[in-house]
Amino acid sequence: MDVKLDIQVIPKRSSFKYLRSIIPGNGEIDEDVKHRIGAGWMKWRLASGVLCDKNVLPKLNGKFYRVVVRPILLYVAKCRPVKCSHAQKMKVVEMRILRWMCGCTRRDKIRNEVIRDKVGVASEEDMMQESRLRWFGHVKRRSDDAPVRRCERLTMVGRPMKYWGEVIRQDITWFQITEDMTLDRRVCRSRIRVEM
């Protein structure tokens, strides 16, 4: 079906950019994850003068990274069904940035946990889980008359699409909380809070 504005036909697009996020027509988020990673690298390049400065304490660099670069990488991760492959790509990017900040490479054979402790940064995957559960609590606490957007199920070849609800159920199981616990913000935050 063609969409017209007066007599002009609006061309169909396979994806479009909305609020710094790429929304594809097929419902997959691969293109958006690539865009987030590229945006994170661009922000890191802009801040690399500070992040790679040897005169700055590693913990301070880690704090700067958490405030400047990480939000760009995790933008909209709370309301998207992130697959394991997406989380792995984000983890690889984060570790490359953190290693670069510390001035070491993979050849130095320093474990990821040691580097994270050195700069005081929690795992990207843990932060995604926390932000998803915080968003889930926000959605559960909304009023009954709030507008709700429903997604249509797309037919695709292969594995059925992963839905946000699936990811949330996995996160709830991981943190050993119930959906009712998310109604109390204080209790929920204390249970899902990721240190660092």
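**Pockets, cavities and salt bridges**

Tutor: The second largest pocket holds about 250 Å³ of space. The model is predicted: local features need pLDDT of at least 70, side-chain atom pairs count only at pLDDT 80 or more, and totals for chains, interfaces and linings use all residues. Residues are numbered from 1 along each chain as its sequence is written, and side-chain values use heavy atoms, with hydrogens and water left out.

Student: What makes a set of points a pocket?

Tutor: On a 1 Å grid over the protein atoms alone, a pocket is an open set with protein on both sides within 12 Å along at least five of seven lines. Its lining residues have an atom within 4 Å of a point. Here 15 residues meet that lining rule, and E125, Q129, R132, Q170 and D171 are the closest to the centre.

Student: Which elements give two or more residues to this lining?

Tutor: They are α4, α6 (124–141) and α7 (164–175). The most come from α6, with five residues. Helices are DSSP runs of H or I, at least four residues; strands are runs of E, at least two; both are numbered from the N terminus. The chain has eight helices and four strands.

Student: How is the lining of the second largest pocket split by class?

Tutor: Six residues are nonpolar, three polar and six charged. Asp, Glu, Lys and Arg count as charged; Ala, Val, Leu, Ile, Met, Phe, Trp, Tyr, Cys and Pro as nonpolar; the others, Gly among them, as polar.

Student: What makes R132 and D171 a salt bridge?

Tutor: Their N to O distance is 2.6 Å. The rule asks for a side-chain nitrogen of Lys or Arg within 4 Å of a carboxyl oxygen of Asp or Glu, so the pair qualifies. R132 sits in helix α6 and D171 in helix α7, 39 residues apart.

Student: Why does R132 count as buried?

Tutor: Buried means under 20% relative accessible area, exposed over 50%, partly exposed in between (1.4 Å probe, protein chains only). R132 counts as buried because its relative accessibility is 6%. D171, at 2%, is also buried.

Student: What makes a space a cavity, and how many are found at 30 Å³ or more?

Tutor: A cavity is a set of points where a 1.4 Å probe fits but cannot get out. Two are found at 30 Å³ or more. The largest cavity holds about 100 Å³. Volume is the space filled by probe spheres set on the points, which are joined across faces, edges and corners.

Student: Which residues lie closest to the centre of the largest cavity?

Tutor: I29, D32, V33, A77 and V82, out of 13 lining residues. By class, nine of the lining residues are nonpolar, one is polar and three are charged. The largest share, three residues, comes from α1.
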